[in-house]
Amino acid sequence: MKKGPAAAGTDGSFDWETYYAVITELDEGIGRVVNAVERSGQWDNTLILFIGDNGYLCGSKGFQGKVRAWEESIRIPYIAAGGLVKRAGKSDAAVASIDIPATMLDFAGVRPSHKMFGSSIRPALEGGTFAR
């Protein structure tokens, strides 16, 4: 029996069925949160930032896990949703989890009391550009 949400087989294969079952469950959970926010009437005043963990290699190049600095493991989901996001789009800008606090403070209108290591991605979410 395989262990973990999407363990590799002994032959290097990947358990895609379990992997997609986990992704589907996650998607349904996020959908419940979004529906609750919409029902509460707060969607227009909401910012949801969703970021994935380092990408699982899923058998790419014969490897599992997340320890290799390849495209499949470095590029991860960073999704913004809610009424405060003014423009849908896709960006190749290098953003990271360290940008979440700066972004949330920026949207809340709070000036940090000390230097932040991350940067607000608010300009990109309002139709502009984001650059470090």
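**Close-up views of a predicted model**

At 16% relative accessibility, Asp-15 counts as buried (buried: under 20% relative accessible area; exposed: over 50%; partly exposed: in between; 1.4 Å probe, protein chains only). The model is predicted: local features need pLDDT of at least 70, side-chain atom pairs count only at pLDDT 80 or more, and totals for chains, interfaces and linings use all residues. Residues are numbered from 1 along each chain as its sequence is written, and side-chain values use heavy atoms, leaving out hydrogens and water.

**View 1. Asp-15 and helix α1.** Asp-15 sits in the segment before α1 (16-40). Helices (H or I, at least four residues) and strands (E, at least two) are DSSP runs, numbered from the N terminus. The Asp-15 side chain makes a polar contact with the side chain of Thr-18 at 2.5 Å (a pair of N or O atoms within 3.5 Å; within protein, one must be able to donate a hydrogen and the other to accept it, and residues adjacent in sequence count only if both atoms are side-chain atoms). In α1, Gly-29, Val-34 and Val-37 are buried. The buried residues of α1 pack against β1 (48-51). Just after α1, Gly-41 takes a positive phi of about 80°.

**View 2. Aromatic pairs.** The whole structure holds six aromatic pairs (ring centres of Phe, Tyr and Trp, the last by its six-membered ring, within 6.5 Å; planes under 30 degrees apart are stacked, over 60 edge-to-face, the rest tilted). Phe-14 and Tyr-19 are edge-to-face, because their ring centres are 5.5 Å apart and their planes at 70°. Phe-63 and Trp-70 have centres 5.5 Å apart and planes at 55°, so this pair is tilted. Phe-14, Trp-16, Tyr-19 and Tyr-20 form one aromatic cluster.

**View 3. Charges over rings.** Lys-61 lies over the face of Trp-70, 5.0 Å from the ring centre (NZ of Lys or CZ of Arg within 6 Å of the ring centre and within 35 degrees of the ring normal). Trp-70 is partly exposed, at 29% relative accessibility. Arg-122 lies over the face of Phe-107, at 4.5 Å from the ring centre.

View 4. The largest nonpolar core has eight residues, including Leu-47, Tyr-78, Phe-107 and Phe-130 (buried Ala, Val, Leu, Ile, Met, Phe, Trp, Tyr and Cys residues joined through side-chain atoms within 4.5 Å). Gly-118 lies in the loop between α3 (99-108) and α4 (122-125). At 12% relative accessibility, Gly-118 is buried. Leaving aside neighbours within four places in sequence, Gly-118 is in contact with Ile-98, Asp-99 and Ala-102 (heavy atoms within 4.5 Å).
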